[in-house]
Protein chains: 2
Amino acid sequence: MSEENRVWRLRKRPVGQIADDVLSFEKEPIPEPGEGECLVRLNYLSLDPTNRIWMSDMDQYMPPVALDDPMRGVICGTVVKSNTDAFQAGDVVSGLGQWADYQIGSPATLNAMGSTGPLPVMDAFGMFAVVGPTAYFGLLDVGKAKEGETVVVSGGAGAVGSVVGQIAKIKGCRVTGTAGSDEKCAWIKDELGFDEAINYKTADLPAALKAACPDGIDVYFDNVGGAMLDACLKQMNLHGRVVACGLISQYNATEPVPGPYNYPMIVMQRLRVEGFVVLDYASRYPEAIGALAGWMAEGKIRYRTDVVDGLENALAAVRTLTTGENTGKLMVRVEDV
Amino acid sequence: MSEENRVWRLRKRPVGQIADDVLSFEKEPIPEPGEGECLVRLNYLSLDPTNRIWMSDMDQYMPPVALDDPMRGVICGTVVKSNTDAFQAGDVVSGLGQWADYQIGSPATLNAMGSTGPLPVMDAFGMFAVVGPTAYFGLLDVGKAKEGETVVVSGGAGAVGSVVGQIAKIKGCRVTGTAGSDEKCAWIKDELGFDEAINYKTADLPAALKAACPDGIDVYFDNVGGAMLDACLKQMNLHGRVVACGLISQYNATEPVPGPYNYPMIVMQRLRVEGFVVLDYASRYPEAIGALAGWMAEGKIRYRTDVVDGLENALAAVRTLTTGENTGKLMVRVEDV
C-alpha cells in the first residue's frame, strides 16, 4: 500500500445501473486523526445492495452519501494510529467506513474484531459484520420462523439469503430459495440443503412456488421486492410474516415502481409485513455471532465469499449485485490480515 | 312483518359498483329450524364494506357467498322459535346471518345481545357487533397507539374510522381523519374532537398530511388503501405501524390495482404493516365492549347511525358505502326491538 490515499468519491446520483461517472477514484493525502479518533488502513470492503441506496437520494434509513463525499461502506481495517483509548495501533476493527485505503474512524463507528477463532478474518468479517446478523434477526426475530413452518427466501444464493435458508433448516423449517441461475439453484439445494430452489428467471413463479410450497408460505424473507414479492403474497398462509429486508429488484429503477398488486392479501390473511434494518439490532450482535459461529463450527452453515482484489475494482464489483453475476458475500480485498 | 319470507340472494359476482342484477329479492317460505338451531326474525341488518368483498370471488378472509345463496350479513334479530338450549323465543341475538326477514341461526353463528343498559338495542348493535371492537383492537392491539403519538385514520367519518379517532383522542394521541366532504370533516373535527380533518377529494393529500402531522405519522389506520395509503406511507415515522383494516377504494376496481408506490418506506422506516380482521378477536369482545360502553356513558364517544328503513332497500343502501354518501354506521332497520 502506498503512502498516498485512494478514495472513491460520489460525484452523481445514479440513474439506473451505477455508471462510471457516478463515482471517481481520487488520489489524496492520508488524513490525520483528531482527538478521540484513529487512522485505519483498509483490509476488506464489504459490498452490499444497500450501497446502491446510499448513493441515491431515495427515501432511506440513513442520510444518503453527500455528493463529493467519500463513498460509505462497511469495512474491516487495521488501526495504524490511534488517538483514542478504545483502539491501539495494530487492532483489527470493523464498522461503517469509507471506500478508501486510509480513513478516520472512532469508537462511534468502529468495533474491535477481537479473536475470530478458527475463522480467517476475512470470513469472520464477511459473515458477522452484516450478513449473519441480518439473516439471524430477520428470520427469527422479525419473521418468527418456527419448526414445521414453510419459509421462502429470495436472493437465496446471495450473502444474506443463503444464510437465511440454512438457519431456517437448522430450525426445522421447510425452505425454498429463489435465485437467478441453475448453478445457484443447484448450490443452495444440493450443497446448502434447501428443500427446493426456483430459478426465477426461467420459472413460472406462481406455479413454481405452489409446487415448492404445497402447504403455503408462513414466512417470506424478502430481499428483492417486485414480482417475487407479489407471487409470495398470493400464497401466504393465515398470519404469515413478510420480512421486508431488501428490494434489490427496484433499486436501479428509473420510473416509479408499483407496490405489490396482491397487497390486499395482507388484510385477508392478516399478514404482518415488517421492515427490517440490521443496525437496529447492534446491541444484540453477540447473540447472533455466537449462534452463527457455533453452527459454522458444526458445518451447518456454509458460505461463499466472492472476493474481488483491489480497491480500484470496487465500482465494477458493486454492479454485479444487481446483475446476478455475484454469488455469496461480495467484498473487495485490499490487503489480507 | 308478513308470514312470508323475503330473501336477498346473490346471483352474480359484481363488476365495479354493485349492479341491480347482482342480488335478487325473493319471496320464499319461512324456513324450519332443525335440532340445535333456532328461527330468527330480523330486526337490524348491518351494512359494511366487507359485504362487497363477500359478494366477489377476490381473495378474502372467509369463503365468498356462493352464487344463489342468501346474501351474508351481520344481523340483529329476535328468536321466534328455538330448538337449542342456548336461546329462548324472545331472545335478541346478533351475529353472522343473512339478508332475510327470517333465517336459521345457531349458537355457532349467534350470540345473545343481553342487556344493552341505557343504549337502544339498535345503537348497541351498531357499536358493539363490528364497529367498536374493530376500532378498539385495530388501534390498540394492532396499531399499539400510545399517548403522544400521531394517528391518521382514513374513512374518518365512517363507522369504524370515527370511533378509531375518538379512542385515539381518549388515549392522548394527536389525530387526523380523512373524509370525502367538508361536512364530514366538520363533524369529525368540531363534534368528535379530531385535531385535524382532511377532505381527500379536494386536498393535495401529501401537503395536507404534512401540515396536519408536523411530527410525522406513528399509526395509520387504513380503511381505504390506494392513494391515501401511499401518501401516509411517505410520512410514516421510524417504527410506525399501518393497521391494514380495509381497502374500500379498490373493492369496486375492475382492473388490477397496484400496491403502494411507497412500499420501500416499509423497509427504510422499519414499518410494521399488519392485516386485521376483527373476527380474530371474538374471544376478547367483552373487553372492547366494556371499554366502549364506559366511554359512551361518559360522552367521550359519539356516533352517528345511518338508518335505512326496509329490507327491500338494502341493495341501494349498501352501495352508498363506496360512493361516500354514507356517514357513520349504516344499517337497515326492519323492525325495532
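**View 1. Buried residues account for 52% of the 337 residues in chain A.** Here a residue is buried if 20 or more other C-beta atoms, placed from the backbone, lie within 10 Å of its own. This is a predicted model, so local features need pLDDT of at least 70 and side-chain atom pairs count only at pLDDT 80 or more, while totals for chains, interfaces and linings use all residues. Residues are numbered from 1 along each chain as its sequence is written, with chains lettered from A and ligands numbered from 1 in the order written.

**View 2. Chain A carries nine helices and 15 strands.** These are DSSP runs numbered from the N terminus, H or I of at least four residues for helices and E of at least two for strands. With a radius of gyration of 20 Å, close to the 20 Å from the globule rule, chain A is as compact as a globular protein of that length; the radius is taken over C-alpha atoms, and the rule is 2.2 Å times the number of residues to the power 0.38. Its C-alpha atoms fill a box of roughly 60 × 45 × 35 Å along the principal axes.

**View 3. Helix α3 of chain B (residues 159-170) is largely enclosed by the rest of the structure, because ten of its twelve residues are buried.** Among the buried ones are A159(B), V163(B) and I167(B). The buried residues pack against α2 (121-142), β8 (150-153), β9 (174-179), α4 (182-191), β11 (217-222) and β15 (329-333) of chain B, counting a contact when C-beta atoms, placed from the backbone, lie within 7 Å.

**View 4. Just after α3(B), G172(B) takes a positive phi of about 85 degrees.**

Notes:
The expected span of a helix is 1.5 Å times one less than its number of residues. Two residues are in contact if their C-beta atoms, placed from the backbone, lie within 7 Å.
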